[in-house]
Structures are given as structure tokens and as C-alpha cells.
Amino acid sequence: MADELPWWASTVIYQVYPRSFADSNGDGIGDLPGIIDHLDHLVDLGVETLWVSPFFASPQRDVGYDVSDYRDVAPEYGTIDDAQRLIDEAHAKGLKVMFDLVLNHTSDEHPWFVESRSSRDNPKADWYVWADGYRDRNGKPKPPNNWRSELQLPRAWQWGEERQQWYLATFLSFQPDLNWRNTEVRVEMFDMVRMWLGRGVDGFRLDIFGSIMHDEALRDNDPKPAFINGMPRVQTPSRTMNTPENFAVAADLRAVCDEFEGDDRVLIGEVFGPPAVLRRYIEDQGRPGLHLVFLFEFLSSPYSASRYRRLIERFEREFPAPLVPTYVVENHDRARSLSRVGGDLAKARVLATLLCTLRGVPVLYMGQEIGMENTYIPLAEANDPIPSVVAKRLPEWVNRRLPERLNRDEVRTPMHWTGEDGAGFTDPGVRTWLPIHPDHVTRNVAAERDDPTSLLAWYRQLLALRKATPALRSGTLDLATDVPTEVIRFERTLDGTTVAVVANLGAEPVTVPVSNAVLGARMAEVLLVSDPAATVDGHLVNLPPNSAAVVELR
Ligand code: GLC
């Protein structure tokens, strides 16, 4: 049965942030050869798909999410041949490879935009979203409507002096939105996608994909405040996000992927919204679109059995098989998960257990497997552009207390490979682009590889078990509701095999039945426990505080 699922429906994704993964040439910046040199770490860990954040040519004002040439590699990361070698060598090790596509916007230094902004009648004049707006009583230019940027800044429009017009910038001012209504833009972007697919890449993560198509008539957004995926918004993005034409772009992009042999290239969308809306990216009006969408709720949920139970129940209800939920507890934009649980490794082990045993695709962020924490970097020292636009006047002591990091640098510091100076990320003595967390001395891949009690060892055991257990890869999920408040229990079943996962997220020990079914002569056999003090006694599981057990029912 397991083999009947397409590869992406049961894969495990590992996100690499190239600037911080491994520096092969001693310039303090990670690069593609560095990633190639460390592919064995991914294989040992047991992840199956590598997702690489953007490494394309870019002025790096948003660390590569501001592309100036989609068909070339930023020189500090390597060459186009390195990108090809990355694909080929990952494949040779049995890994799939996904790149990161920023389709919504380019850098304002992209030659297309430089040309587009230069006049109203150049060949690229219509490649971006330009609008006249109007003049107020004093002759001051005013934007055409009330649209706010994705960061909720007062306006999503920037003034273009040469053209005396506004251009749309959904994210930051230096990231102008491409005009996807222009046929030439579509043809060029889809050709670029074909170029990478032709080079063998297995799919793409799609950056802020829900913002590509906005209302053609530029009508105002609904001014009502909203809450989307746990994030507050000043207005409801009714005309700028998840518009019907966005779902059509998903289907068009899917058609491009399906031109390639095997129909097995994959699209995963960074999209925000309620599940009923997100599902339309997967299929709309009978046309298939993206394969997967990120479900970000775990990123903003506190560590709590009842909260997590509610989320699992919701994801199961709203993404029933053959739909595949995704589970994300960490990425390059949000706080490190270990920091969110107060640095408590027992809690991190419970979170890892859920992530790797729930039905769906787990997505890990580099360093999560060794328990990397946020590296505190004051707003004033930020390399990330966000603090300079959204937190200009925020006092540092307030910033220090925020659970979510405004300065995303804090979760983007170099990976810890060893305890040496340079953390094995770069040569000793080299100044790295962001500081290395001082705890790399003890918390690093080399040290944890040799320690059977480490978080890394726990992730390896979980992923090995998942790989070897079809019920965990592709079985059904049955979530128990009649459990003590602090407990999460679910059963994964396939072809008569049932694996139960039981977790205690509370501060007191608990004893719970492994299943509510009448087990009769069936035996409960322990597969893994996150804490050596967790035991199974007949059909009962005893769990110390913050521990989990994976048990097979035979
Ligand atoms: C996405 C990326 C983020 C980037 C933004 C603009 O949210 O994850 O890192 O800054 O899009 O491209």
C-alpha cells in the first residue's frame, strides 16, 4: 500500500538556508559546494527531500528572496554548474531536491525592473504593476487604493519618480510585484521553471504564492482587521490574497510541471488563509494545482496538548486523505522551536515525536534536529530588513521580551557542525555573515552524533522508524479524544498493523491505555520512548512529564 502513494505524499522535507549551512571557501558565507559536502548528514538523519532557500543572483537585501536573475546563481554561492552538481549528487544519494521560487516579485535591481521603471513606454513597461493613483489638494501623489503590504505597513505602493506612477510591492519596497497579467511575464517565468525542471529538480517551494494575483480593478481591501494563521492583520486582504486568479496560476504552474516525464514534480505553496481556501490551491474548478500547502499553525501555537489536539483534529478533518497535511514547527522566518518551549529538550523530543509520526509531510528546518536556539541579535544590528521598516521605534527591551523574533537573523545564524571556532561551518578565525551561537561548543552535529541520548539521535531514530513502518508513512490516523487533558494519543493503521503514539505534555506523570479498542490478546510492543523512564505495562503506558512513546499493537 505504502508504495502506491506518490513519493511526495510520504516524504520528509529538510530546509537548508544556504547562507548559513556550510561555507566551503572560507568567506564566512555558506555556499552550494558546502551543501554538497554535507549531503550525508541529511541521509544519516533520514530526511528524504532537500529544500534549498533561494541561491539565485540577488543583491541579498532579503537574503535571496529578492532575485535579480532566476537563471543564474549568486556568485558567493557558486555557479550554475554547482547547482547542477547539487541536483545530481543529491539524486545519487537518493534525495529529492526542491528549489525555492519567488514568483511574486523580483529585486528592484533586476534588469527587468530597471527597464520597467525607466519610462511608461519601454518594452518592459507593463512587466510590473504600475498605477497612476491621484493627486491630493496640494498636488501630492496618493496611491490608487488602501492596500497594505504583507507586513501591514500603511501602503503596498511605492512611488516611481521617473514614471510619476506607483508600483506595487506586496512585501518590501525593494521587491516590486511582477505583473502576471502580462503574457510575456508568464511565458518567461514558466520557461525559467522549465529550465530548472529540465535540469532535474524535483519541485519547488513557492514563496508568498497567494499574493501573485490581485484585483484587476484595484478595488480597496476590506478595512476590517483580520487574523490569518495566527497573525494579526490591520485589514482583510480580500482583493490582494487568495483571489480566484491565484488558484488559476497554481493550475497553470502544475500543467508546466506535468509536462515533465513521470508527472512526479512537486509544488508546495507558502500560502496563508483558512483551510477551505488553501484547498483551492490543490484543486479548483476540477483543475489540479499545488500538491501541498504549508500549514503554519504549529508555528504560532504554544506547547499544549489541548492546542495541538485541536490542530491535529482540524488538519485531519480539513485535509482528509488523499489530501496530505504538512507539519511545520520551525522555519527561517519564525522563532526556533526549542526557544519557544523555553529551551526544554524533553519538550523538543515530544514535538519531534509528533512531527515525525503524524499523518502527512514533516518539514524540518536546518539545525532543528540538533536543538539550535535563537541567537539574540539586537534590532539595531539586524541584517534582516524587517526591523528597519516595522520596528524602527521599538525599544530593545521590548524586543528582547517578544516570543516571536522580529529580527529574523536570530533564527538564521550558521549551522553547528562541530564545537570548534567557526563551528565547522567555516574555518577558525573567519568572520561569519551572522554571529555563531555560543552554545555550538556543546550543541553540534559531531557531539550529538556520538551521543545516543541527544536530540539528533532521537530524530534519527524517529525518522528511521518512520521509513521502516508503512503505517507511519501512509496509514490512517485516529486521534483519541477521551484522554487526560495533557495527553495526545493517536493510532496509525495500515493493512492490519496499528502503531499508537502516546505523548504526555504535562508536568505530572500519567498512565493511559495504549488504545481504547478491545485489545484482547493483542500485545503492545514498545518501538521507541523519548525518555528511558517511560514504560509499557500490558496495555497501559506510563509516561513521565514531557515524554512520548511509540508502540505497536500486535
Ligand atoms: C516569504 C519568505 C521570507 C521572505 C518573503 C518575501 O515569506 O519566507 O523569508 O522575506 O517571503 O519574499
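The model is a predicted one, so local features are taken at pLDDT of at least 70 and side-chain atom pairs at pLDDT 80 or more, while totals for chains, interfaces and linings use all residues. Numbering runs from 1 along each chain as its sequence is written, and side-chain values use heavy atoms, with hydrogens and water left out.

Start with the overall picture. The protein chain comes to 16 helices and 27 strands (DSSP runs numbered from the N terminus, with helices being H or I of at least four residues and strands E of at least two). Its radius of gyration is 24 Å, close to the 24 Å the globule rule gives for 554 residues, so the chain is as compact as a globular protein of that length; the radius is taken over C-alpha atoms, and the rule is 2.2 Å times the number of residues to the power 0.38. Along the principal axes, the C-alpha atoms fill a box of roughly 80 × 55 × 50 Å.

Now for the ligand. Around it (a heavy atom within 4 Å) are Asp-62, Tyr-65, His-105, Phe-171, Arg-205, Asp-207, Ile-208, Glu-270, His-332, Asp-333, Arg-408 and Arg-412. That shell splits into seven charged residues, three nonpolar and two polar, where Asp, Glu, Lys and Arg count as charged, Ala, Val, Leu, Ile, Met, Phe, Trp, Tyr, Cys and Pro as nonpolar, and the others, Gly among them, as polar.

Polar contacts (N or O pairs within 3.5 Å) come from several side chains. Glu-270 puts a polar side-chain atom 2.8 Å from a ligand oxygen, Arg-205 has a side-chain N or O atom 3.0 Å from one, and for His-105 the distance is 3.1 Å. Taken alone, the ligand exposes 310 Å², and the protein buries 97% of that (Shrake-Rupley areas, 1.4 Å probe).

Finally, the backbone. Most residues other than glycine have a negative phi, and most peptide bonds are trans. The bond from Ala-321 to Pro-322, though, is cis, with omega near 10°, and Pro-322 sits in the loop between helix 9 (305-318) and strand 18 (326-328). Leu-218 has a positive phi, near 55°, in the loop between strand 11 (203-206) and strand 12 (226-228).

Definitions and conventions
A polar contact is a pair of N or O atoms within 3.5 Å; within protein, one must be able to donate a hydrogen and the other to accept it, and residues adjacent in sequence count only if both atoms are side-chain atoms.
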